[in-house]
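Subject: Handing over a structure, with notes

Dear colleague,

I am passing on to you the structure that we spoke about, and my notes on what was found in it follow below. Please have the sequence and the structure open as you read.

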Amino acid sequence: MKQSWWKILAAVLLIYTFTAGFLIDVPIIGNLYQTIRNLFFHVPMWFGQMILLLVSMIYSIRYLRSGNLIYDIKAREFARTGILMGILGLVTGAIWATYTWGEPWSNDPKQIAVAIALLIYLAYFVLRNSMTDMDKRARVSSVYNIFAYFIYVPLIMVLPRLVQSLHPGGEGVEGNPALNGQDLDPTMRLVFWPAVIGWTLTGVWISQLYIRFSLHKEKNWLNV
Amino acid sequence: MPSTQKIAALFKKDLLLEIRQQYTFYGILLYIASTIFVLYLSMGQPEASTWNGLFWMNLLFICINAVAKSFLQESRGRMLYYYSIAGALDFIIAKLLYNFLLMLVMSLLSLLLFSFFLGVAYSKILLFAGIVCLGGISISLVFTLLAAIAARANQNAALMAILGFPLIIPQLLLLVKISKSAFGEIFRENALLQMTLLLGGLDIMIVVLSLILFPFLWKD
């Protein structure tokens, strides 16, 4: 019970997101109307993905420093959940775009950037599976994971700012990659930030379950 | 600690190998020439934006072929020998420098052949040549570390393309954008400088990452 407080918190925050997110009064902005509620589901996915991939990279660094294979398993599972978050973010975004931009995929720079980011992390798993030796696999894929994160950040944070986009704040070239702070009115903030925390914690929870499963499955050679 | 002497010796060894067994150099040259010739036969002389896109795609494939061999040609035994005479940093710096030089030559050669076959679509020759050099260097830096990774993963050249294509896209997009300035497109004030600096920053970051990460690939 002592260690599960954050799981309870995650569940409570998600229940709050799902109820308050659908019930509160939202401002009507442009052609968004009620679809703005998707903000509580679509945007937290990207926050979650960035945090989970960061955690994955940190575990890769820890693996390289210590040589402990458990860190490599953790890096792998966090990257996997990061990909899951990315797919969910793309899908929720595509649904949103169908009703606001008229089509699910409109080659928006941010859509392209996150699709590429998914490819980068899928390549991480291709790389992992190409090697059979465990230590070698762990070391080589850790190196790739760290390298990939440093490309991933400019890819999603910097490049989309250089071009026009359909996303909020994308009319000028100074736009924020996705979130436009001024559009978020105080009542929406009250749901939005708990949603970000809730979804991220859920991502950590999913990763944790996978990690425990992997540790159990591979305990024969882990010596733990 | 890296020593200039060892780096110079390793660099010279790669250069000597290239000069003595010229099959790779001519092989890549033939690769450039035949790709461009096929493009010429199928497209004739395309308009500027197509020209630009084709050029960078072509450079990407050339880079994969040219840089891949820098690690794939080293056998296990030879790597062990390098390990005993030089440090990881010496080795990666020598490789980075060598691939840098190789891609510089290849980029300029493909620019020459592209202009010869597909026509001169750009309007500012010197500017475009500069961008091409910068582009060739940027691509070669990324692929040097990727070649090292792919070489550790069972010497698999196809793996390098799988890892490399998504990772190179940010730089390739920037390059395609920057090079539009040589085709007469007008940019907002400072936008060009901003993008060039961003590309330079990315290059520096990649070099630093290579220097930090390569020693971990080197140990076995």
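In which helix of chain B is B:Leu126 found? B:Leu126 lies in helix H6 of chain B, and please keep in mind, here and in what follows, that this is a predicted model.

Is B:Leu126 buried or exposed? B:Leu126 has 8 C-beta neighbours inside 10 Å and so counts as exposed, given that a residue is called exposed at 12 or fewer. Along the sequence B:Leu126 is 56 residues away from B:Ala182, and in space the two are 8.7 Å apart, C-alpha to C-alpha.

Helix H6 of chain B, which covers residues 125-152, also gives the largest share of the largest nonpolar core, as I set out next. That core has 113 residues, and those with the most contacts inside it are A:Ala148, B:Ala147, B:Ile149 and B:Leu163. The largest share of this core, 15 residues, is contributed by helix H6 (residues 125-152) of chain B. Sorted by class, the contact of H6(B) with H8(B) has 13 nonpolar, 3 polar and 2 charged residues.

Turning to chain A, its secondary structure comes to 7 helices and 0 strands, and the pattern along the sequence reads α-α-α-α-α-α-α. Of the 224 residues in chain A, 42% are buried. Among the contacts in chain A with a separation of 6 or more, 72% are between residues 24 or more positions apart.

The crossing in which H1(A) passes H6(A) is left-handed. Among the residues that make this contact are A:Trp6, A:Lys7, A:Leu13 and A:Tyr16 of H1(A), and A:Val191, A:Pro194, A:Leu201 and A:Trp205 of H6(A). By class, the contact of H1(A) with H6(A) has 13 nonpolar, 4 polar and 1 charged residues.

Finally, how many residues of chain A are in contact with chain B? There are 24 of them, and they are in contact with 22 residues of chain B. On the side of chain A that touches chain B, two elements give two or more residues, namely helix H4 (109-129) and helix H5 (134-158) of chain A. The largest share of that side, 13 residues, comes from H5(A). By class, the side of chain A that touches chain B has 21 nonpolar, 1 polar and 2 charged residues.

With best wishes

Definitions and conventions:
Residues numbered from 1 in each chain as written. Chains lettered and ligands numbered in written order. Predicted model: local features only at pLDDT ≥ 70, side-chain atom pairs only at ≥ 80, totals over all residues. Contact = placed C-beta atoms within 7 Å. Helix = DSSP H or I, 4+ residues; strand = E, 2+ residues; numbered from the N terminus. Nonpolar A, V, L, I, M, F, W, Y, C, P; charged D, E, K, R; others polar. Core = buried A, V, L, I, M, F, W, Y, C linked by C-beta atoms within 7 Å. Buried ≥ 20, exposed ≤ 12 C-beta atoms within 10 Å, placed from the backbone. Left-handed = near helix turned anticlockwise from the far one by under 90°.
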